[in-house]
Protein chains: 4
Amino acid sequence: MKVAIMCSGGDSSGMNPAIKRFIEYSFELGFKPYLIYDGLEGMIDGNIKKADYSDAAGIIFRGGTIIGSSRSKRFYEYEYRKKAYENLKNKGIEALMVLGGNGSFKALDVFSKEFPVLYSGIPATIDNDIALNEYTLGTDTALNVIRHACDEIRDTSSSFRRGSIIETMGRECGYLALVSALSSGAEICLVPEIEFNLSSIKKRLIKEFKEGRRYLIAIVAEGVGITHYLKEWLEREIGIESRATVLGHVQRGGSPTVFDRLMAYEFVTIGLENLSKGISGVVVYNNGNFGLKDIDEINAAKYQIKPMLLKFGERLAN
Amino acid sequence: MKVAIMCSGGDSSGMNPAIKRFIEYSFELGFKPYLIYDGLEGMIDGNIKKADYSDAAGIIFRGGTIIGSSRSKRFYEYEYRKKAYENLKNKGIEALMVLGGNGSFKALDVFSKEFPVLYSGIPATIDNDIALNEYTLGTDTALNVIRHACDEIRDTSSSFRRGSIIETMGRECGYLALVSALSSGAEICLVPEIEFNLSSIKKRLIKEFKEGRRYLIAIVAEGVGITHYLKEWLEREIGIESRATVLGHVQRGGSPTVFDRLMAYEFVTIGLENLSKGISGVVVYNNGNFGLKDIDEINAAKYQIKPMLLKFGERLAN
Amino acid sequence: MKVAIMCSGGDSSGMNPAIKRFIEYSFELGFKPYLIYDGLEGMIDGNIKKADYSDAAGIIFRGGTIIGSSRSKRFYEYEYRKKAYENLKNKGIEALMVLGGNGSFKALDVFSKEFPVLYSGIPATIDNDIALNEYTLGTDTALNVIRHACDEIRDTSSSFRRGSIIETMGRECGYLALVSALSSGAEICLVPEIEFNLSSIKKRLIKEFKEGRRYLIAIVAEGVGITHYLKEWLEREIGIESRATVLGHVQRGGSPTVFDRLMAYEFVTIGLENLSKGISGVVVYNNGNFGLKDIDEINAAKYQIKPMLLKFGERLAN
Amino acid sequence: MKVAIMCSGGDSSGMNPAIKRFIEYSFELGFKPYLIYDGLEGMIDGNIKKADYSDAAGIIFRGGTIIGSSRSKRFYEYEYRKKAYENLKNKGIEALMVLGGNGSFKALDVFSKEFPVLYSGIPATIDNDIALNEYTLGTDTALNVIRHACDEIRDTSSSFRRGSIIETMGRECGYLALVSALSSGAEICLVPEIEFNLSSIKKRLIKEFKEGRRYLIAIVAEGVGITHYLKEWLEREIGIESRATVLGHVQRGGSPTVFDRLMAYEFVTIGLENLSKGISGVVVYNNGNFGLKDIDEINAAKYQIKPMLLKFGERLAN
C-alpha cells in the first residue's frame with residue numbers, strides 16, 4: 001500500500017517526529033510512504049514526493065514541519081478536491097495521514113467519502129482543543145516554551161515592584177494559559193472557560209501587596225481579549241507599574257520535548273495500524289489509551305479541560 | 001491540623017514545585033505546614049521548621065529540593081523512630097507527606113503503624129520504577145535533560161563516522177533509557193526488560209553502514225552494565241570508532257518541566273486531601289487518574305513498562 | 001572599609017553574578033560589604049543591609065537582581081540625596097558600587113562630589129549603549145534569549161510561506177537587533193544607526209522569492225518604530241503573509257551566560273580595586289582591556305557600534 | 001576564484017555558522033565556493049562538491065559540522081598530498097579555508113608551500129589552545145554547555161551533603177575548566193596551568209564545612225588526570241560523599257551561541273578577504289582585533305591563559 005502524510009493548518013512541534021515515525025514505520029509495515037508538501041494546497045497542486053530513509057534523518061529534534069503546511073480555501077470546492085484525488089490516484093496512493101486539527105480532519109473526512117481514500121487524523125496543534133481527546137501534538141513543547149518565557153519574565157519582574165501580563169495562544173481554548181499559570185506560580189489566570197471577578201482579584205492582591213508582595217504575574221489566554229485592559233487595570237486599581245508581553249509565534253517553535261516525541265511515535269503507530277486495517281478516522285488519546293473517533297462525533301462535542309484543572313484555576317480568577 | 005513534608009532518598013526535579021504546592025494548599029485547607037529538612041535523618045534530629053509563604057517563593061523553577069534529602073540507616077532502629085516521633089509530637093505534627101520511592105514509603109508505613117502519624121507517599125524519583133503507578137515526579141525532567149545531551153552528542157557524532165554510547169540512570173529500571181532511545185531516534189537501546197541479541201544488531205548495523213549510515217547512537221541503561229563493553233564491541237565488530245558518555249548526576253537536576261510541575265501540583269493536592277480525610281497510603285497515577293495504594297501492595301508487585309513501549313524497544317535490541 | 005552595592009535603572013542578567021563577586025571579593029580584600037535594596041530609592045529610604053556569605057549563595061545562575069532596582073525621581077533633589085548620604089554615614093559606608101547605565105552613573109557622580117563617598121560604576125544594561133565602552137553586563141544573555149526566540153520563530157516560519165518580524169529592545173541603540181540579525185541569518189535588519197532603503201530591499205526579496213525563497217526573518221530595533229508598518233509593507237509589497245513579534249521583557253531575563261558571569265567577575269574585581277585605591281569613576285572595557293572613565297567624558301561621547309558590524313548590517317538594510 | 005572550505009580535527013560548535021558565512025560571502029565577493037567533506041581524508045579522496053545557497057540554509061543553529069571532519073594519517077605522506085592537490089586542480093580550486101587547530105594549520109601550511117594553493121586557517125576547537133590567539137570557535141558554546149551541566153549538578157548536590165567533581169575537556173589546556181569554575185562558583189578548580197595544593201584546599205574546606213557549607217563543586221581539566229583520585233580524596237580527607245561526572249562529548253555539541261555565530265561571521269570574513277588578496281596564514285583574534293599569523297610563529301609559542309584569570313584561579317587551587 002502507498003500511504004502519504006501531510007500537515008494541515010497551524011504547525012506544531014511534534015510534527016517532525018511524527019513524520020520520521022511515519023516514514024520508518026511505513027517501511028517496517030511494507031508500505032511505500034509519500035510526503036505531501038504544503039498541506040491541502042500541495043495535494044491540489046501535486047506537490048507530492050516519494051519518501052526515503054534520508055527524509056527521516058536529522059528531523060526528530062526540529063520544531064515546525066519539514067513538509068510545510070497550509071490552510072486551503074480551494075479545498076472547499078469539489079473541483080479542487082477532485083484534482084487532489086487525481087494526484088493521489090496517479091501515484092497510486094490509497095491512504096492519507098493528516099497532522100492537524102478539527103477543520104483539517106473534517107475536510108479529509110469529506111474527501112475520503114467522495115473518493116476511495118482512507119485517512120487517519122492525528123491531533124496536532126498547540127491549542128489542545130480537540131474534543132473527545134486529551135492531547136494534541138505540540139502542546140507540551142508549547143507549554144515549555146511558555147514556561148521559559150515566564151521564568152525569564154519572573155527574573156526581571158522580581159527585580160522591581162512590577163506586574164507582568166503574559167498572553168498565550170490557544171484561540172477559544174484556555175488550556176495553555178491555565179496550565180502555564182499553575183506551573184509557573186502565576187497570581188492571576190484569565191481563560192475563557194472560567195468566570196473571573198476583577199473585584200475579588202483586586203481585594204486579594206491589595207491584601208497581598210500590603211503583606212509584602214513585590215510583583216505579580218498574570219497569564220491570560222488570547223481568547224479573553226483582555227491583555228491590554230488588564231495592564232491598565234493593574235496600574236490603576238492595584239497601583240503597580242505593569243508590562244504586557246504577547247508571546248506570539250515563539251510558542252509554535254522549539255525543539256520537541258520528549259513527551260511530544262513519544263506521543264508522536266505512538267499516535268503515528270496507531271494511525272498507520274488503522275490504515276493497514278482499512279480504518280478511517282481520528283486517533284484520540286484519553287486516560288492513557290489510544291482510541292478512534294469519527295470526526296462528526298468530535299465536532300458534535302466540545303473540548304473540555306479536566307475539571308480538576310478548572311477547579312485549580314478558579315483561585316487565580318477570583 | 002499540623003502537617004509536615006519531607007524528601008527521602010534520591011532527589012528529583014519536581015520536588016520543589018511539590019513543596020510549594022504543599023505549603024500553599026495546606027494554608028488553603030486551614031492546616032499548619034511544616035518542613036522537615038534532610039529527610040528521615042532530619043526528622044530524627046529534629047530539623048523541623050514551621051513553613052510560611054516565603055518558603056514557597058522562587059522555588060518552582062528550581063531542580064533538586066530546597067529542604068534536602070537523605071538516606072537513613074538509623075531509621076531502621078526503633079529507638080530512632082521513637083526519637084523522630086517525639087520530635088513530631090513536640091510540635092503537634094499529626095501527618096506527614098513524603099516525596100520519595102518505595103523504600104521511603106515502606107519506612108513511613110512502618111512508622112505510621114507504630115505511632116499515631118498519618119502519612120501520604122508521593123512518588124518522586126527519576127527512575128520511574130514504582131509498581132502499580134505509571135509516573136514518578138522528576139522523570140519527565142530527567143528525560144528532557146537526557147534529550148538535550150543526546151541532541152548535543154548527535155551534533156558531534158554526525159560530524160564524524162562515529163558511534164556514541166550514552167548510559168542513563170535508572171538502576172534496575174530501563175524506562176529512562178527506553179524512552180530516550182525512542183524519542184531521540186537511537187539505533188540501539190539496551191535495557192534490563194528487553195532481551196537483546198548482539199549478533200542480530202551486528203547484522204542490522206553492517207547492512208546500514210553499507211547503505212550509507214555514518215554514525216550511530218546507542219542508549220544503555222546503567223542496570224545492564226554493558227556500556228564499556230559495548231564501546232569495544234562496536235569498534236571491534238562494526239569497525240566504527242566509538243565513545244561512551246555516562247550522563248551521571250546531571251540527570252537529577254534541571255529546572256522542572258511543565259509536566260513535572262503540573263503533576264507535582266496534582267499529586268500533592270490529592271495527598272493532602274487524603275490526609276485531611278485521615279487516610280494514609282501512597283498516591284498513584286494510572287491511566288490519567290489518581291488513586292491510592294497500600295505500600296505492601298506496591299512492594300508485592302513489580303513495576304512494568306507499558307507493553308507498547310517494550311514492543312517498540314525490541315527493534316532496537318535486535 | 002565599608003562598601004555597598006546597588007542596582008539602578010533597568011535590570012539585566014549578570015547583575016547577580018556581579019553581586020556575588022562583590023560580596024566575596026570584598027571579604028577577600030578585608031572590606032565589609034553591604035547591600036542597598038531597590039536602587040537609589042532604597043538608598044534614600046535606608047533599605048540597606050550588611051551582607052554575608054549566604055547572600056552570595058545560589059544566585060550566580062539567576063537572571064535579574066536579588067537586591068532589586070529602581071528609577072528615582074527623588075534623587076534629583078538635594079534633600080533626598082542628603083538623606084541617602086546620611087543613611088550611608090550612619091552605617092559608616094564610604095564607597096558605592098553601582099550596576100547600571102549612563103543616567104545612574106551621572107547621578108552617583110553628582111552625589112560623590114557633594115558628599116565624601118567614592119563610587120564605582122559598572123556598566124550593566126542589555127542595551128549595550130554606553131559610550132567609550134564596548135560591553136555592558138547582560139548583553140550576551142539578552143542576545144542568547146533573542147537567539148532562542150529567533151530559532152523558534154524560524155521553525156514555524158519555515159513551515160509556511162511567511163514573513164516574521166521580530167522587534168528587539170535597545171531604545172536608541174541597534175546593537176541587539178544588528179547582532180541578532182547577523183547571528184540568526186535574518187534577511188532584513190533595521191536599526192537606527194544604518195540608513196535603510198525599502199525599495200532596494202523589495203527588489204532583493206522579490207528576486208529571492210522568485211528563486212525559491214519560502215520565508216524571511218526581519219529583525220527590527222524598537223527605536224526604529226517600524227515594526228507594524230513593516231508587517232503591512234511585507235504583505236502589500238512582497239505579497240507574503242507576515243507576523244510581528246515584540247519580544248519585550250523576556251529579553252531582560254534568563255540565566256546569565258558564561259560570558260556575562262565572567263565579565264561580571266572581572267568588572268567587579270576592577271571596580272573594587274579602584275575603590276580600594278580611593279578612585280571614583282566608571283569601569284570600561286575596550287579591546288579586551290579594562291579601564292576607567294569619567295562619566296562626563298562618557299556623556300560627551302556617543303556609543304558607536306563597531307564599524308565592521310555596521311558594514312555587515314548594510315546588506316540587510318538594502 | 002574558486003575557494004574551498006573544510007573542517008579538520010575535532011569538531012566544534014561554530015563550524016556550521018562559519019560554513020554558512022563562507023558560502024554567502026564567497027558569492028558576494030564573486031568567488032565560486034566549494035565544500036570538502038570529511039576533512040583532509042575527503043580532500044585526498046576527492047570528496048568535494050560545488051556549494052550553492054541551499055547548502056547554507058538551516059545550518060546556522062546546528063552544532064557540529066555538516067561537512068564532516070577527520071584526522072588524517074595519509075596526509076603526512078607526500079603521495080597523498082599530491083593526490084589531494086590534483087583533486088583541487090581538477091576542479092580549479094586555488095584557495096582553501098580550513099577550520100581547525102594547530103596541527104591542521106601546519107598540515108595546510110606544508111601543503112600550500114608544496115603546491116600553488118593559498119590557505120586561510122580559522123581557529124576552531126573547543127580547547128581554546130592556539131597560541132598568539134585569544135579565541136577559537138566553539139569555546140563559548142562549550143562553556144555554556146558545561147554551565148548547564150554544572151547548574152544541573154548543583155541542583156542535586158545542594159539537596160544532599162555532597163561533593164561533585166566535574167571533568168571538562170581541553171587536553172593540555174585548562175581554559176574550559178578555569179572559566180567554568182569561575183562562572184559557576186565552584187569551590188575547587190584544578191588545571192594544568194596552576195599549581196595546586198591539596199593540603200591547603202583541605203584546610204579551607206574543613207573550615208567552611210564547619211561554618212555550614214553543605215556541598216561543594218570541583219571542576220577539573222581532563223589534562224590533570226586527577227578526577228577519580230579527587231573523588232576518593234574528598235571522601236577520605238574531607239569526609240563528604242562525592243560523585244564524579246566526566247562530561248565527555250556533550251561539550252562538543254549544542255546550538256552555537258551568539259558569540260560563536262558572530263565570531264564565525266567575522267573570522268570567515270577576514271579569512272576570505274585575505275585569500276582574495278593572495279595571503280596565506282592563520283587568522284587570529286587578540287584584544288578585540290583580528291590579525292594574521294604564520295603557523296610556525298604560532299607553533300613556536302605556547303597558548304597562555306590571561307594572567308588575570310590565572311590569578312583568580314589560584315584561590316580555587318589552594
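Which rotation, with what shift along its axis, superposes chain D on chain C? A rotation of 180° with 0.0 Å of shift does so, at an RMSD of 0.0 Å. The model is predicted: local features need pLDDT of at least 70, side-chain atom pairs count only at pLDDT 80 or more, and totals for chains, interfaces and linings use all residues. Residues are numbered from 1 along each chain as its sequence is written, and chains are lettered from A and ligands numbered from 1 in the order in which they are written.

**View 1. The axis relating chain D and chain C.** Chain D is superposed on chain C by a rotation of 180°, with copies fitted by least squares on the C-alpha atoms of residues with pLDDT of at least 70 in both. The two copies are thus related as by a two-fold rotation axis. In chain D, the C-alpha of Asn287(D) is nearest the axis, at 2.2 Å. The same surface serves both copies, as 100% of the contact residues of chain D recur in chain C; residues are in contact if their C-beta atoms, placed from the backbone, lie within 7 Å.

**View 2. The side of chain D that touches chain C.** Chain D and chain C each bring 25 residues to the contact. On the side of chain D, the elements giving two or more residues are helix H5 (139-157), helix H6 (175-184), H9 and helix H11 (307-314); helices (H or I, at least four residues) and strands (E, at least two) are DSSP runs, numbered from the N terminus. H9(D) gives the most, with 6 residues. This side of chain D divides into 11 nonpolar, 8 polar and 6 charged residues, where Ala, Val, Leu, Ile, Met, Phe, Trp, Tyr, Cys and Pro count as nonpolar, Asp, Glu, Lys and Arg as charged, and the others, Gly among them, as polar. By contrast, chain A and chain D do not touch, their nearest C-alpha atoms being 10 Å apart.

**View 3. The sheet of chain D.** An open sheet of 7 strands in chain D has the order S3-S2-S1-S4-S5-S10-S11, with mixed pairing; two strands pair if DSSP finds at least two bridges between them. Strand S3 (48-50) and strand S11 (289-293) of chain D are the edge strands, each pairing on one side only. Strand S10 (residues 281-286) of chain D and S11(D) pair in the antiparallel sense over 5 bridges, and Val284(D) has Gly291(D) in S11(D) as its bridge partner. H9(D) packs on the sheet, touching S1, S4, S5, S10 and S11 of chain D, and its direction makes about 165° with that of S5(D). Axes are lines fitted to C-alpha atoms, for helices over the stretch in contact, and angles run from 0 to 180 degrees between N-to-C directions.

**View 4. Helix H1 of chain D.** The 15 residues of H1(D) (residues 15-29) should span 21 Å at 1.5 Å a residue, and the end C-alpha atoms are 21 Å apart, which agrees; the expected span is 1.5 Å times one less than the number of residues. Of these residues, 11 are buried, among them Phe22(D) and Tyr25(D). A residue is buried if 20 or more other C-beta atoms lie within 10 Å of its own, exposed if 12 or fewer, and partly exposed in between, with C-beta atoms placed from the backbone. The buried residues of H1(D) pack against strands including S2 (32-36), and against helix H9 (258-276). Gly30(D), with a positive phi near 85°, follows H1(D).

Key
Contact = placed C-beta atoms within 7 Å.
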